[in-house]
Amino acid sequence: MKYAYYPGCSLHSTAKEYDLSTKEVASALGIELVEIPGWACCGATPAHLTVQSLSIALPVKNLLQAKNMDAGDVVTCCAACFSRLKIANHFMETETEKRKEVEGIVGERYEGEVKARHFLEVLTKDLGLDKLKTKVAKELKGLKVACYYGCLLTRPKGVTGIDDLEDPRLLDDLMGTIGVEAVKWPYKTECCGASFSLSKTEIVLKLSGDILEMASDEGAEAIVVACPLCQSNLDLRQGMINKKLKKSFDIPIFYFTQLVALSLGIAPGKLGFDKHMVNPVKLLKKKGIIA
Amino acid sequence: MKIGVFVCHCGTNISHTVDVEEVAKAAAKLPNVHFATTYKYMCSSPGQALIADSIKEKGLDRIVVSACSPSLHEKTFRKCLEEAGINPYLVEMANIREHCSWVHSDRAQATKKAIELVKLSVAKVSRSKPLSKSFIPIEKRVLVIGGGISGIQAALDVSFAKFPVVMVEKEPSIGGKMAKFDKTFPTLDCAACILTPKMVGVAQNKYVTMHTFSEVVEVSGHVGDFTVKIKKKARSVDLKKCTGCGACYAKCPVKVTSEFDEGLGKRKAIYVPFPQAVPNVPVIDRNACLWFTKKTCGLCKKVCAIGAIDYDQEDEIIEEKFGAIIVATGFKQFDHSVYGEYGYGKFKDVVTGMHFERMANSSGPTGGKIVRPSDGKEALDVVFIQCVGSRDEQKGVPYCSRVCCMYTAKHATLLREHNKNAQAYVFYIDVRAAGKNYEEFVKKAQDEYGAVYLRGRVSRVFEKGGKLIVRGADTLSGSQIEIKADLVVLANGLIAQDDATTIAQMLHIQYDKNRLFTEAHPKLAPVETITSGIFLTGACQSPKDIPDTVATASAASVKALGLMVHDKLEKDPLVARTNNDLCSGCKACYLACPYSAIEMVEIEDRKLKRKRMVSRVIEGVCAGCGNCTAVCRMGAIDVEGFTNRQIMRQIEAL
């Protein structure tokens with residue numbers, strides 16, 4: 001299994017632990033990830049709020065870059081990158097008139113032929129949970145998590161096509177496979193406040209606070225995410241949320257790849273747990289998952 | 001051949017733009033035209049007298065009236081010819097009003113065009129043949145498909161005129177959806193109290209034959225002479241012997257979910273769907289019955305004192321003839337399991353309006369208590385969500401279901417009547433209460449029964465701490481709100497029945513993209529279909545409330561009775577006809593005919609000395625649309641009044 005790997009800006013900065021753990025999981029499972037050389041911005045927030053052609057041209061440029069590598073589908077871990085790549089492909093496939101403008105910008109003909117995948121799909125669909133199960137060295141028993149998908153992974157309808165819009169199951173099923181208990185909770189696809197984190201922090205505190213509260217009420221000890229923005233809003237802002245809501249949440253926010261890596265027997269030291277704001281090590285130790 | 005051309009001024013409608021004298025002068029010079037004149041109003045009595053007198057005085061044998069559209073006055077002039085003693089089909093109309101004077105302003109050009117149009121009509125009429133009307137005998141019986149309030153009303157209205165009616169209902173009892181309702185808006189009278197007398201009226205009516213637990217499986221023929229096959233499904237209980245004592249279902253040990261109670265209650269394997277069922281004769285659900293599944297039990301047969309239980313009964317197909325058919329197949333409630341935001345139909349306490357009806361009903365599964373199906377506790381805070389499936393092009397249907405605003409207002413009212421501590425919240429898009437006393441009714445639900453109306457959509461319903469949290473927008477205050485509810489009631493819209501398209505195809509009637517049956521004209525023929533002799537009533541045509549349903553039922557009955565009072569039906573001769581000598585039997589016309597008016601028959605070809613297939617037009621069904629002529633490669637099929645010879649002559653004249 002070989003993929004063109006598109007890390008995006010987060011995985012090289014705020015979400016380094018996501019990048020680290022993804023690469024560890026991939027290598028342990030024999031999945032080859034070849035980073036796209038000279039990859040550029042995916043066109044998220046700044047571009048897609050400014051001009052449509054730019055927000056399409058940027059991801060198309062990256063997809064074309066991957067096409068020339070001959071490394072198979074493009075795989076990404078960031079939900080925002082995934083969304084941009086998917087939307088760009090959908091646009092180039094369906095908007096037969098408008099795509100000419102984009103083709104003019106990137107200087108090449110493109111009709112959405114390079115497929116974009118999320119790493120979650122690679123594990124659950126391409127590799128498959130049955131195969132993964134055979135590779136699990138140690139089930140992470142006793143850990144109760146809330147699987148949080150956020151807004152971009154499943155939407156918009158008919159574009160990402162990854163899972164059910166309102167009640168996605170991929171993360172829950174993945175957690176089940178590695179022995180983690182996924183609680184039933186209603187906020188799987190709520191909004192965390194996303195990129196308002198910097199411009200209108202108040203909104204993020206309210207929305208992410210609601211998510212933490214619901215997860216905690218439904219018995220989750222940690223939250224599992226598949227998006228660096230969700231992770232940073234829930235993790236980085238947890239202290240501010242506690243202060244504002246007068247709460248004392250102490251909920252670690254894991255990337256699914258970190259927990260999968262632990263179940264595959266990869267050493268915790270390689271998974272960037274030191275990069276979290278809410279210390280996850282305490283909980284993992286308490287559950288006897290790490291020593 | 002002596003053709004007369006009569007050019008109409010139509011007041012100034014035509015003469016304002018067209019020089020009618022000039023048209024008459026030019027017409028007089030056309031081949032075979034013997035006489036041409038003008039008159040102010042050709043359709044008036046003196047106008048018609050002018051034509052009639054000219055026919056007599058000048059010996060005219062074909063007429064062109066150069067005036068308005070034939071759809072307006074062709075019939076008038078045909079009658080005029082008939083009275084003047086010549087064949088009524090020897091008149092042609094040149095439409096110099098809609099096609100000329102009304103759409104042009106240049107007088108010289110318009111006059112030129114009018115002359116051309118007259119030229120065409122003269123050319124066509126020169127090749128017209130005298131035609132005579134045919135007559136179809138009428139079978140004086142009416143079939144009503146569907147035994148809901150719609151079919152019941154139609155059957156009663158037809159029977160009142162003393163014509164025999166056969167009603168076919170697929171369920172074991174007549175009564176339809178209305179039988180499930182508790183109260184009816186806007187008067188809050190009990191649905192059963194006003195429906196059951198009508199149900200009994202049908203059962204006791206000597207002009208009405210009921211076939212319950214039966215389905216129409218085949219329809220052939222045409223207006224006045226339909227042949228219909230009806231499948232009477234095996235009820236396993238003898239309808240004639242059974243007295244309805246109820247011993248069988250009292251003893252039956254098998255309990256299954258009751259369809260009539262929308263899954264909220266139980267019924268037995270042998271059952272009557274509800275206490276007031278008509279006929280009050282049980283039916284055995286063979287998928288649940290122990291005798292049919294395991295060949296054990298047999299209790300019902302043992303306890304039946306008169307031996308009415310018949311395990312060996314089989315489906316039976318009967319064939320009957322009818323002159324007219326009334327389609328009253330009703331609707332189906334939209335299935336909300338496509339709505340993830342309302343829990344994909346998985347939350348027990350998110351129910352539909354129909355569930356609410358059953359709960360509110362004192363003979364229903366909860367004995368008239370509004371409860372949470374999950375734990376049976378009384379529901380105090382109840383959220384109603386409007387437009388579920390309706391007005392939603394993404395997940396449902398684009399149209400408004402018309403009745404939901406009203407039934408929700410009714411439910412909000414009933415909720416408070418059942419429990420004065422209960423509170424109704426209604427999320428709506430618009431309140432559509434356009435009916436007599438409807439707006440007042442909604443207002444009353446708000447003012448007197450305390451229903452809180454919130455304008456906005458619900459974005460999510462989820463379970464938390466044993467309650468349902470309903471989150472939605474209140475667009476009037478511009479805020480997001482959350483309500484902790486015991487029960488959520490969805491106002492599911494009305495959609496076509498699952499088998500609507502099968503029924504439509506069987507009857508050769510049209511349906512729209514929502515699979516609702518299409519009326520012949522949306523304004524002027526709302527209960528007719530394009531297939532003559534088949535009429536529509538109720539929600540199978542579009543969502544309707546009870547008053548509208550009953551009104552269309554009576555309208556459809558009148559239409560059917562309009563046929564019944566005739567011994568035979570006059571049929572326009574403008575139908576297609578096959579020339580057997582030319583027909584190659586290729587079936588192109590047979591496949592192209594939208595009315596199924598063409599059949600393939602075998603004829604003895606004397607020249608070839610063998611049998612071969614040709615097409616034959618069933619005159620009673622043919623609407624004269626001309627599709628067959630257009631597809632015929634041999635030129636073997638022709639529509640009378642629009643023959644290929646006539647059209648060719650017109651083209652030559654241009």
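1. In this predicted model, the side chains of B:Lys395 and B:Glu341 meet in a salt bridge, with a distance of 2.9 Å from N to O. B:Lys395 lies in the loop between β21 (381-388) and α12 (404-418) of chain B, while B:Glu341 belongs to the loop between β19 (331-333) and β20 (350-352) of chain B, so the pair ties together parts that are 54 residues apart in sequence. The relative accessibility of B:Lys395 is 23%, and B:Lys395 therefore counts as partly exposed; B:Glu341, at 13%, counts as buried.

2. Elsewhere in chain B, a salt bridge links B:Arg267 to B:Glu259, and the closest N and O atoms of this pair are 2.8 Å apart. With a relative accessibility of 10%, B:Arg267 counts as buried, because the limit for that class is under 20%. B:Glu259, by contrast, has a relative accessible area of 47% and is partly exposed.

3. In chain A, A:Asp172 forms a salt bridge with A:Lys188, in which the closest N and O atoms lie 3.6 Å apart. Since A:Asp172 sits in helix α8 (residues 170-177) of chain A and A:Lys188 in the loop between β6 (181-182) and α9 (196-199) of chain A, the pair ties together parts that are 16 residues apart in sequence. Both A:Asp172 and A:Lys188 are buried.

4. Chain A also holds a network of salt bridges, which links A:Lys67, A:Arg99, A:Glu103, A:Arg109, A:Glu111 and A:Glu113. Over all chains, the structure holds 63 salt bridges.

5. Turning to the contact between the two chains, chain A contributes 14 residues and chain B contributes eleven residues. The area buried between chain A and chain B is about 1,000 Å², and carbon and sulfur atoms give 38% of this area. Six salt bridges are found across the interface of chain A and chain B. A salt bridge also joins B:Arg460 to A:Glu190, with the closest N and O atoms 2.6 Å apart. As for polar contacts between chain A and chain B, the count is seven residue pairs, with both residues at pLDDT 80 or more.

6. A further point concerns a sheet in chain B, where four strands form an open sheet in the order β2-β1-β3-β4, and the pairing is parallel. The edge strands are β2 (33-39) and β4 (91-95) of chain B, each of which pairs on one side only. From one strand to the next, the twist averages 15°.

7. Within that part of chain B, strand β1 (residues 3-8) and strand β3 (residues 62-67) run parallel and are joined by five bridges. B:Phe6 has B:Val65 as its bridge partner in β3(B). Helix α1 (residues 20-28) of chain B lies across β1 and β2 of chain B and runs at about 170° to β2(B). Helix α5 (residues 107-125) of chain B also packs on the sheet, where it touches β1, β2, β3 and β4 of chain B, and the direction of helix α5 makes about 165° with that of β4(B).

Methods:
Residues numbered from 1 in each chain as written. Chains lettered and ligands numbered in written order. Predicted model: local features only at pLDDT ≥ 70, side-chain atom pairs only at ≥ 80, totals over all residues. Heavy atoms only, no water. Salt bridge = Lys/Arg side-chain N within 4 Å of Asp/Glu carboxyl O. Helix = DSSP H or I, 4+ residues; strand = E, 2+ residues; numbered from the N terminus. Buried < 20%, exposed > 50% of the residue type's maximum accessible area, 1.4 Å probe, protein only. Pairing = 2+ DSSP bridges. Axes fitted to C-alpha atoms, helices over the stretch in contact; angles between N-to-C directions. Contact = heavy atoms within 4.5 Å. Buried area = accessible area lost by both parts, 1.4 Å probe. Polar contact = N/O pair within 3.5 Å; in protein donor to acceptor, adjacent residues only side chain to side chain.
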